[in-house]
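Dear colleague,

I am handing over the structure we spoke about, and my notes follow it. Please read them alongside the coordinates.

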Amino acid sequence: MNYSEPTTPFRERQNTEMLETAQLAQLSLRNISKVFPGRNSPIDKLLKRTSPDFVAIADINLDVTSNTFVSIIGPSGCGKSTLLNIIAGLSAPSSGSVLIDGKTVDQPGPDRGVVFQNYALMPWMTVAENLRFAIETVYPHWTVTQQKETVQEYIALVGLRGAERKHPHELSGGMKQRVGIARALAINPQILLMDEPFGALDALTRGFLQDEVERIWEQERKTVILITHSIEEALLLSDKIVMMTRGPKAAIAQVLDVPFPRPRKREELDQYPDYHRLKTAMEQHLSYETRTVEASRLQK
Ligand SMILES: Nc1ncnc2c1ncn2[C@@H]1O[C@H](COP(=O)(O)OP(=O)(O)OP(=O)(O)O)[C@@H](O)[C@H]1O
Ligand SMILES: [Mg+2]
């Protein structure tokens with residue numbers, strides 16, 4: 001099957017953008033690759049079922065200036081979570097490095113807050129205790145009053161006043177994710193990393209939380225890396241959208257600039273002339289990459 005390839009000269013454009021912003025970058029990814037080793041245990045070898053190494057992502061380069069909202073979008077299984085986990089320091093790259101303000105980071109740190117799709121809250125702790133635990137871990141020298149005030153500040157920021165004493169099992173999915181966002185922000189990270197934070201939510205709650213993230217971002221202005229499958233979500237929230245190719249050896253295909261003024265309202269977005277151009281570029285990219293993944297699967 002033949003699918004028309006998107007026309008933009010992907011790699012050339014990526015490298016130009018990199019050179020323009022490299023001097024100012026807060027977060028830099030340099031030649032990041034991740035190889036998952038194939039099954040090569042002695043028993044597998046005996047049974048002749050060894051599988052080759054799997055190169056999930058290859059040679060990823062990206063520079064992000066501070067206070068930029070970046071979304072990463074790409075076909076399912078291309079390596080988005082793999083890349084985010086490497087930035088978070090939860091997984092080591094097979095080669096390449098992550099730099100923050102020019103310094104290599106290779107483990108998790110308070111400079112990066114992570115919001116997970118499955119919330120990852122402590123089930124035995126209340127909302128306030130979940131936040132307090134994160135704050136205590138990062139700022140053990142703070143007074144109890146300082147810690148409590150910060151907990152209250154971030155609970156208010158995400159609209160959870162009144163739910164402080166509830167446990168995660170007493171919260172809706174949307175409320176749990178608010179706790180996740182509040183916990184990540186409460187440690188005052190330079191960079192907020194979010195892996196499909198709204199993926200498990202129904203469409204209405206998802207839309208509502210997207211608007212909340214837009215509002216919070218106006219207030220907090222962090223550097224954000226958001227992984228999403230939603231074109232609308234990326235266009236509503238991002239300054240830049242990184243489009244990844246399919247794997248194996250997934251790479252950055254193109255980086256789109258989203259020039260809409262802020263604060264943004266979802267109902268006004270499609271009035272901007274660039275909206276339809278960007279949406280079409282993303283749809284074409286995702287459709288091409290996803291269909292070729294499916295075509296290669298069918299050939300196997
Ligand atoms: N621990 C692992 N061992 C072996 N292969 C892995 C491991 N983790 C991920 N992979 C493979 O790496 C590729 C990228 O996985 P990853 O979870 O990063 O994709 P993704 O883009 O986040 O997908 P999705 O959009 O479905 O969340 C997949 O082919 C996956 O099977
Ligand atoms: Mg993922």
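Which residues of the largest nonpolar core touch the most other members? They are Leu 131, Ile 155, Ala 182, Leu 193 and Ile 225, out of 71 residues in that core, where a nonpolar core is a set of buried Ala, Val, Leu, Ile, Met, Phe, Trp, Tyr and Cys residues joined through C-beta atoms within 7 Å. The largest share of this core, 7 residues, is supplied by helix 6.

Before the details, please note that this is a predicted model, in which local features need pLDDT of at least 70 and side-chain atom pairs count only at pLDDT 80 or more, while totals for chains, interfaces and linings use all residues. Residues are numbered from 1 along each chain as its sequence is written, and chains are lettered from A and ligands numbered from 1 in the order in which they are written.

Helix 6 covers residues 173–186; helices (H or I, at least four residues) and strands (E, at least two) are DSSP runs, numbered from the N terminus. Its 14 residues should span 20 Å at 1.5 Å a residue, and because the end C-alpha atoms are 20 Å apart, the two values agree; the expected span is 1.5 Å times one less than the number of residues. Of these 14 residues, 12 are buried, a residue being buried if 20 or more other C-beta atoms lie within 10 Å of its own, exposed if 12 or fewer, and partly exposed in between, with C-beta atoms placed from the backbone. The buried residues of helix 6 pack against strand 6 (112–115), helix 4 (127–138), helix 5 (144–157), strand 7 (191–195) and helix 7 (203–220), contact meaning C-beta atoms within 7 Å. Ile 155 touches Ala 182, and its other partners include Val 127, Leu 131 and Leu 160, not counting residues up to four places away in sequence.

Strand 9 (residues 240–244) has 4 of its 5 residues buried. It pairs with strand 3 (residues 69–73) in the parallel sense over 4 bridges, and with strand 10 (residues 252–257) in the antiparallel sense over 5 bridges, pairing requiring at least two DSSP bridges. Val 242 stands opposite Ile 72 and also opposite Val 255 in strand 10.

Finally, the residues surrounding ligand 1 include Phe 36, Lys 80 and Gly 247, each with its C-beta atom, placed from the backbone, within 6 Å of the ligand. Helix 3 gives the largest share of this shell, 3 residues.

Best regards

Key:
Contact = placed C-beta atoms within 7 Å.
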